[in-house]
Amino acid sequence: MSNGSFPPEPGRRGGTLAIVLAALIPACFAGWLLWSSVGGAKDDGAGGAGGTGAPTTSSTSSPPPPSSGASGASGASGAPSPSGEASGDVPGEASGKTLKGKVVVIDPGHNPHNRDHPSQISRSVDIGTEEKECDTTGTATNSGYPEASFTLDVARRARTLLEARGATVRFTQDGDRPYGPCVDERAEIGNKAHADAVVSVHADGAAAGERGFHVILPKSVRGGGADTSAITVPSRHLGERLLDRFERATGSEPAQYIGDGSGLDVRGDLGGLNLSTVPKVFIECGNMRDSQDAAELTDAAWRGRAARGIAQGITDFLNE
């Protein structure tokens, strides 16, 4: 060794090492405890118990739609959540408007179990101006996806959005009845709820090649138990808001095969409208018998956008 240095004595070297280790071990242990507590809290907030990333559901939310198949969710990135909001959107804040104190009735067209009760749904009921059958099975795509499954899925998504904005939402049926209800009872459910708005969700069964959506408004009729004179104007306002918002949300165009192509059709032969005493419209979201429309109607991401358009149209109407 140079410069007058001498190697340390063996005993001295061991003592120094012991002192260094004694200082480092407690510091490392404290650092590990701090890291563990911060990391554990982060996992809990992001993914729930165990950090699995599984979402939680509100006790008031409807069951999420199926995740695969014709009625399932699209696997595309950025697809909407079961609530119908786009990824990153906050339910209830998309419109900046509240629906607190408002009652909305959603009428999912037909019933998945109607086909099992042909005699019950074919019986006649009074719609004021005439008699019509209680209900029908609805239509279906060429691949067999039923209108009744479509209407329930879109209705449930719209309910989640509307409830997040503060509305009280009631259904005429939620797939929980053996059949129906009949068209006269569907109207009565909205009337008894003193609904601020009622929307009946459907999909059309027109000829292949006919595309687009349309909104059906009540005609001014009076006869028997039917009198729509008080609801035709507000129902038109509701229909116009739905038309605008549905077109923006889905990118679909108003049907050209109905009326004048405006997307608004006025009818006096529907019991659900004739017997309503509160603002009510039907929306035919597309044509299930057209292959291009059917591809959208069977896509869960598109149904999320449809629900968002319906919810926003109702929100606009109730905040006029």
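A polar contact is a pair of N or O atoms within 3.5 Å, where, within protein, one atom must be able to donate a hydrogen and the other to accept it. The views below are taken from a predicted model.

**View 1. Polar contacts of the Asn287 side chain with backbone oxygens.** In this close-up, a polar atom of the Asn287 side chain lies 3.0 Å from the backbone oxygen of Ala207, and the backbone oxygen of Glu210 lies 2.8 Å from a polar atom of that side chain. Asn287 itself belongs to strand S10, which covers residues 280-287.

**View 2. The surroundings of Asn287.** With a relative accessible area of 0%, Asn287 falls under the 20% limit and therefore counts as buried. Leaving aside residues up to four places away in sequence, Asn287 touches Asp204, Gly205, Ala206, Ala207, Glu210, Gly212, Tyr257, Asp293, Ala294 and Leu297.

**View 3. The crossing of helices H3 and H8.** Helix H3 (residues 147-164) and helix H8 (residues 300-318) have axes that come within 8 Å and cross at roughly 50°, and the two helices are therefore oblique to each other. The crossing in which H3 passes H8 is right-handed.

**View 4. Residues at the contact of H3 with H8.** On the H3 side, the contact is made by Phe150, Asp153, Val154, Arg157, Ala158, Leu161 and Leu162, while H8 contributes Ala300, Trp302, Arg303, Gly304, Ala307, Arg308, Ile310, Ala311, Ile314 and Thr315.

How values were computed. Residues numbered from 1 in each chain as written. Predicted model: local features only at pLDDT ≥ 70, side-chain atom pairs only at ≥ 80, totals over all residues. Heavy atoms only, no water. Axes fitted to C-alpha atoms, helices over the stretch in contact; angles between N-to-C directions. Helix = DSSP H or I, 4+ residues; strand = E, 2+ residues; numbered from the N terminus. Parallel < 35°, antiparallel > 145°, perpendicular 65-115°, else oblique. Left-handed = near helix turned anticlockwise from the far one by under 90°. Contact = heavy atoms within 4.5 Å. Buried < 20%, exposed > 50% of the residue type's maximum accessible area, 1.4 Å probe, protein only.
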